[in-house]
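Colleague: Please take one part of this model and walk me through it closely. Start with the chain around that part, then zoom in, and finish with whatever lies beyond.

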Amino acid sequence: MATLLRSAVLNPEAYRTVRSAGDNAPAKARSFSTLAPRLDSLNGKTVYLVDTGFGGSGKFLDQVQAWFAEHMPSVTTVRRKKTGNIFRDDTKEVWNEIKEKGQAAILGVAG
Amino acid sequence: MAVATCSRTLEQEYGIPTAPVSTYEFAGFMSDDLKFHGVPLRVIYTPHPVAGMPPAVLRNYIEGKDPATQRVVVEEIIEALTKPVSDEEFTGDFAPVSRTGVRQPLLESDTEDNLQRLFYERGWTDGLPIILPTEERVAEMLTGTNRAPDEVVAEIYLHDSQEYLKFTVEMVAIVAVMAGAQPEHLPVILAVASTGLPSIPGSTTPFACMLMVNGPIRNEIEMNSGIGAFSPRTLANSAIGRAWTLLTMQWGYFRLKKQFWSSQGNPIGYGNMCVAENEERSVWEPFHVQKGFRADESVVSIFRGWSFVNNVVGSSVRSVGEDTCVLLGALSGVYSAATLIFDPLVAKHLKENDGFRTKLDFARWISQNFKVPAAQFWGTDLVHMLMAPMAEQGIEPYASWKKLPPETLIAPYDKPENINIVVVGGETSPMWKVADFAYAASAPVDKWRARPVSDGCVDGTCGLPDEP
C-alpha cells in the first residue's frame, strides 16, 4: 500500500513577477488611440507589401500584389523586404520610405 | 514576432495603417502578443503553412477564408486598412495581469507515485522519473556550493506573458536533485543556469545544444571526455545535461505553443550532448583557453544549432579535411558557424601529419576550401531567412554572393573564428562529428564551488564539498 512520503518535497518553480524588481510603472491601459488613423479607401493610394522574412512570405505577397493588380488596379503596390534580423524590429529605412511614399502597409507572413 | 512588432512601430511611430498577416497556427501567440502590448492590431490569418506552398494555393489563401473569422482574407486586409477601429471590434482584456513573487515553496504531502505524477503533469519533467527533491536532498545538494540559497542565479523573461522568472541557487539545487545529480555537480549546473540560456529555445525549428566542460573540475567530478563521452553511460555527463533541460522546463520554455513550438523536436534535448573536452589527450589548446580563460579555471561552454553528422569509419580514402568538407555539405553554413568534434587521434593526425599547428589553422583551411554553388547556399530556407536580409542591407560578402550566377562556387564559412573545434573521444578509432552548432556562451564554474580553489591544488579535490 502506498504511503505518504515522510519528507516535504520542494517546488521547482521560479518566483514569477510581471515586471522586474523596482519597476512600478502602471500597467498599460486598453487604448485604441495607439493605432494609426485608417484610410477612407485604397483607391489611388500606395500600399507597401513588406516581406518580414519567414519562409514563403515573398511568394504570398506576390499573390497579394497580383490580386490588387487584377481587382483594384487603382492601388499602387510596392514590394519591400524587411532588412535586418527577421525576429526584431531593427530597420528604419523601409519604414521611412513607407512614411515618405506610401499610405498603408501589409506585413507578412508570421509563421 | 516581427510582424506584430513591426506593425506596432508603423502604426504608433509612423502613423501608417497596417494589415499584419499571420498563419492561423500562431493565432494564440498573436493573441498573447496583442493582449500584453495593449495595441489592438487587426491581424489577418491564413491557413498554415505558407512556406513551400505553390502560387495557386497561396492565391486560394488570399481569396479564401480566414480560419479565425470565416471571412475572406483579402477583404479583411482591405478592411484592416480602411475601417475605423471600434470598441466592439476588440473584446480582449489588454491590461497585463499583476503578479509579484508568486510561488508555493513546499508541495502538499503525498505518496511517491502521486508526486512523480504531479511533477510530470505540471510539466516539470522530461517524462522519465525524477529524484523527488525533498528538503533533506536539497539541503545535501546545497553543500555543493558556497553560495546563499536565496541568491538569484538567473532572471528569465517570458515574452508571451511578460513575466520575469527569478531563479535562485536553491531552485537550481532542487532541479539538480531531480536530474539525479550529486552535490559536486552543482557548481557546473549553477554555471549553466547563470547563462540564462535555455537548452531548447522557443522555435518551430529543432534546436539542439551541446554543453562542454573544461578545466580541473572535469576530472574531479568524473566527467567523461573519453570513450563514449556522448553516450548515456556516465553519471556526471548525464545528470548535468539532463539538469539543463529540467531547468529549461522550469523557465517556461516547454509550454506548448507559448514558448515550445518545435514541430518535430530533437532527441539531443534529453542530455544536451554534455561532455568534457579531452584536454589530456588533445594536441591543441583547450577550448576555454581559446576563449580567454586560464587553463586551470573550470568553465562550461554552450554551443547551439540543430544537427550533427558523424564520420563513421575514419579517413583512409579522403583526407580529414576533404571528408570534413563533404560532411559540412549536409549543413546550412548559416552565419559561418560550425563545431567540429574530433577524437584525439584525429586531432593528433591533423597536427602531426597534416601540419595544422592550432585549431584555428584547420578552421582557416576549412574556411578557404569548403565551397558550394551560390544557389545551394541561398536555396536553404534557414540561410534565406537569416542571411538574405544582410545581403539586402549591402553587408559583404553576402551582398556580392547574392548577385552571383547560381553555379558560382562560394566559400560560405567566411569567418574561421566561427568554426569551433573541440577534442572529445577515447581513441578507439579516428572519427569525428561535424555540427552546425554556433558558440553561444562560456561561464566560469569555480565561483559556484563549495570551497575556494587554491592555486596549489593538485590532488583532484579542489573546491569539492567536504566529506559528510
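Modeller: Take the contacts in chain B between residues at least 6 apart in sequence: 75% of them join residues at least 24 apart. Keep in mind that this is a predicted model.

Next, the chain as a whole. Chain B has 17 helices and 14 strands. Its radius of gyration is 25 Å, close to the 23 Å that the globule rule gives for 468 residues, so chain B is as compact as a globular protein of that length. The C-alpha trace of chain B spans about 75 × 65 × 40 Å along its principal axes. Of the 468 residues in chain B, 47% are buried.

Chain B is divided into domain 1 (2-89) and domain 2 (112-448). Their centres, taken over C-alpha atoms, are 37 Å apart. Four residues of domain 1 of chain B are in contact with four residues of domain 2 of chain B. On the domain 1 side, the classes are two nonpolar, one polar and one charged.

Now the part itself. Strand S5 of chain B covers residues 208-214. How many of its seven residues are buried? Seven of the seven are, so S5(B) is largely enclosed by the rest of the structure.

Look at which way the residues point. In a regular strand, side chains alternate between the two faces of the sheet. From S5(B), Ala208(B), Met210(B), Met212(B) and Asn214(B) point one way. Cys209(B), Leu211(B) and Val213(B) point the other way. Both sets are buried.

Which strands pair with S5(B)? One is strand S7 (residues 299-305) of chain B. S5(B) and S7(B) pair in the antiparallel sense, over seven bridges. Within that pairing, Ala208(B) has Gly305(B) as its bridge partner. Another is strand S6 (residues 275-276) of chain B. Here the pairing with S5(B) is parallel, over two bridges. Val213(B) has Ala276(B) as its bridge partner in S6(B).

Zoom in on one residue. Met212(B) is in strand S5 of chain B. Why does it count as buried? Because Met212(B) has 27 C-beta neighbours inside 10 Å, and 20 or more is the cut-off for buried. Leave aside residues up to four places away in sequence. Met212(B) then touches Val275(B), Ala276(B), Glu277(B), Phe287(B), Ser301(B) and Val422(B). Take Val275(B) from that list. Met212(B) and Val275(B) are 63 residues apart along the chain, yet their C-alpha atoms are separated by 5.0 Å.

Step out to the loops. Most residues other than glycine have a negative phi, and most peptide bonds are trans. Glu222(B) is not a glycine, yet its phi is positive, about 60°. Glu222(B) lies in the loop between helix H9 (217-220) and helix H10 (235-250) of chain B. With 15 C-beta neighbours inside 10 Å, Glu222(B) counts as partly exposed. Asn272(B) is not a glycine either, and has a positive phi of about 55°. Asn272(B) sits in the loop between H10 and S6 of chain B. Asn272(B) is buried, with 25 other C-beta atoms within 10 Å.

After H16(B) comes Gly394(B), with a positive phi near 85°. The peptide bond joining Glu396(B) and Pro397(B) is cis, with omega about 5°. Pro397(B) is in the loop between H16 and H17 of chain B.

That brings us to the partner chain. In all, 63 residues of chain A are in contact with 90 residues of chain B. By class, the chain A side has 31 nonpolar, 19 polar and 13 charged residues. Strand S4 of chain A gives the most to that side, with seven residues. Val109(A) lies in S4 of chain A, and the peptide bond from Gly108(A) to Val109(A) is cis, with omega near 0°. Strands also pair across the two chains. S1(A) and strand S4 (residues 163-168) of chain B run antiparallel, joined by three bridges. There, Tyr15(A) stands opposite Lys166(B).

Methods
Residues numbered from 1 in each chain as written. Chains lettered and ligands numbered in written order. Predicted model: local features only at pLDDT ≥ 70, side-chain atom pairs only at ≥ 80, totals over all residues. Domains from an automatic or database assignment. Contact = placed C-beta atoms within 7 Å. Nonpolar A, V, L, I, M, F, W, Y, C, P; charged D, E, K, R; others polar. Helix = DSSP H or I, 4+ residues; strand = E, 2+ residues; numbered from the N terminus. Rg over C-alpha atoms; globule rule 2.2 N^0.38 Å. Buried ≥ 20, exposed ≤ 12 C-beta atoms within 10 Å, placed from the backbone. Pairing = 2+ DSSP bridges.
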